[in-house]
Amino acid sequence: MSDSNTTGTAPERRDLIILGGGLVGMTLALAAARAGITAHVVDRADPADLVAEGADGRASAISTASWNLFTNIGLAPALEKLGCPIASIAVTDGMKPGRIDFTPKAEEGTLGRMFANRDLRIALFDAARQEPTIAWHVRTEAVRKDRGAHGVEVELSDGQVIRGSLLIAAEGRQSPTRDEAGFALAKWEYHHRAFVTGLFHEKPHDGTAWEIFYPAGPFALLPLLDDAQGRHRSALVWTVAEKDAAGVSAMPEAMFVNEVFERMHGVFGKIELSAPRMSYPLRFHHAGRVVEERLAVIGDAAHGMHPIAGQGLNLGLRDVGALVEVLTDGMRLGLEPGDAQMLARYEKWRSLDSLMVMAATDGLTRLFGIPGRTASAVRRLGMGAVQRTPLLKRFFMDEARGMSGKLPELLQA
């Protein structure tokens, strides 16, 4: 692979042009490479900034299916020792009696693994640098995109012109390529903001993820591995109403830590921050279509959801598995990656699965995350229904592990 940010003659034509080299975009490039599919990857960011120590305190839950994908594309050896197994999920209404514990049987394995996003990026970037089928164009972006009957041509802001057969938009929620293509979005605001950071804490978490529901929104504690000094760590996702977000943002660190500590009810003992505070508004969006002529939209560019179930990245990785399987099958038959038949198959495959996951997540958000005077009673009613209904509880556990629906081969063990 080559990192490129200089002008010059156009590189050779490759099968894919992937706009966005984040977690989903780079995973796609690597999964495609393992199938012999070549790619240009274009990212406006500097990779060094993305993996700098302390630059990003976010963490991601990686489902069993997503872990299978990482294993099948050769990332498991680099990631194996960096992920914290999620042994159980404790769900509670404000720490009142009657919590739900989602704990799989021993033979079922864990409910996934928690990884710092920085560790995922380092593993992806290191693997990509060793892959000759990937041309990585960094610190640049697309300023012209032409899609036609015979291929795709993209001009970059650094003056390069690159060519391929299929354009992939993996640019995240604000994808300009998706918007330029005119894809209609079903979207709405949750009028909440998520504050994300990392915590050091006195007591071990024992592999338990906590989802604590308060009137203003969910408060999640997600287990991470102890650091090199043996300090216990968890990731925090604290959801507050948008009207209160400015006040939370303005809190001095000591006040912020005290507010977090109170909401934890001492479950982990004393705490301190281990990462910078970040925040972002919570919105839902779902593209009715995800393909056009020589274009496919994947990951957050296609679907964005509330983080309540931790399935955003996993849904994007399911896009990756499905797209690579469709491309591989078609190219084996002599079709080129931009063939309309293959794109139609990909869209049909992903549309139902992504809609089901997003509908389930939105339903959870409305059931458990709603504010208001009756919210606590509604949450307890919903939690009781889940607790008393084995099939419903099994559904939520399968979703947490990413094992529902028909999965592509890359996402299977």
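This is a predicted model: local features need pLDDT of at least 70, side-chain atom pairs count only at pLDDT 80 or more; totals for chains, interfaces and linings use all residues.
Trainee: Which residue of β8 is the bridge partner of C84?
Mentor: Strand β8 covers residues 113-116, and two bridges join β5 to β8. These two strands run antiparallel. In β8, the partner of C84 is M114.

Trainee: Are α1 and α5 roughly parallel or roughly antiparallel to each other?
Mentor: The axes of α1 and α5 come within 10 Å and cross at roughly 30°. Angles under 35 degrees count as roughly parallel. The two helices, α1 and α5, are therefore roughly parallel.

Trainee: How many charged residues has the contact of α1 with α5?
Mentor: From α1, the residues L23, M26, T27 and L30 take part, and they meet residues of α5 including N117, R121 and F125. By class, the contact of α1 with α5 has eight nonpolar and two polar residues. The number of charged residues in this contact is one.

Trainee: How are α1 and α9 oriented, roughly parallel or roughly antiparallel to each other?
Mentor: Helix α1 (residues 23-34) and helix α9 (residues 312-332) pack with their axes 10 Å apart. The angle between them is about 25°, and the limit for this class is under 35 degrees. Helices α1 and α9 are therefore roughly parallel.

Trainee: Is the crossing in which α1 passes α9 left-handed or right-handed?
Mentor: Among the residues of α1 that meet α9 are V24, L28 and A31, and among those of α9 are G316, L317 and V320. The residues of the contact of α1 with α9 divide into 10 nonpolar, two polar and no charged. As for handedness, α1 passes α5 in a left-handed crossing, whereas the crossing with α9 is right-handed.

Trainee: Which residue of β9 is the bridge partner of V42?
Mentor: Strand β3 (residues 39-43) pairs with β9 in the parallel sense over five bridges. Strand β9 spans residues 134-138, and five of its five residues are buried. From β9, I134, W136 and V138 point one way, and A135 and H137 point the other way. The bridge partner of V42 is H137.

Trainee: Is A209 buried or exposed?
Mentor: A209 is found in strand β14 (residues 208-214). Beyond its neighbours up to four places away in sequence, A209 touches residues including I86, I89, L221 and P223. The relative accessible area of A209 is 6%, and under 20% is the cut-off for the class. A209 is therefore buried.

Trainee: What is the phi of M95?
Mentor: Most residues other than glycine have a negative phi. M95 is in the loop between β6 (88-93) and β7 (100-102), and this residue is partly exposed, with a relative accessible area of 24%. M95 is not a glycine, yet its phi is positive, at about 65°.

Key: Residues are numbered from 1 along each chain as its sequence is written. Side-chain values use heavy atoms; hydrogens and water are left out. Two strands pair if DSSP finds at least two bridges between them. Helices (H or I, at least four residues) and strands (E, at least two) are DSSP runs, numbered from the N terminus. Axes are lines fitted to C-alpha atoms, for helices over the stretch in contact, and angles run from 0 to 180 degrees between N-to-C directions. Angles under 35 degrees count as roughly parallel, over 145 as roughly antiparallel, 65 to 115 as roughly perpendicular and the rest as oblique. A crossing is left-handed if the near helix is turned anticlockwise from the far one by less than a right angle, and right-handed if clockwise. Contact means heavy atoms within 4.5 Å. Ala, Val, Leu, Ile, Met, Phe, Trp, Tyr, Cys and Pro count as nonpolar, Asp, Glu, Lys and Arg as charged, and the others, Gly among them, as polar. Buried means under 20% relative accessible area, exposed over 50%, partly exposed in between (1.4 Å probe, protein chains only).
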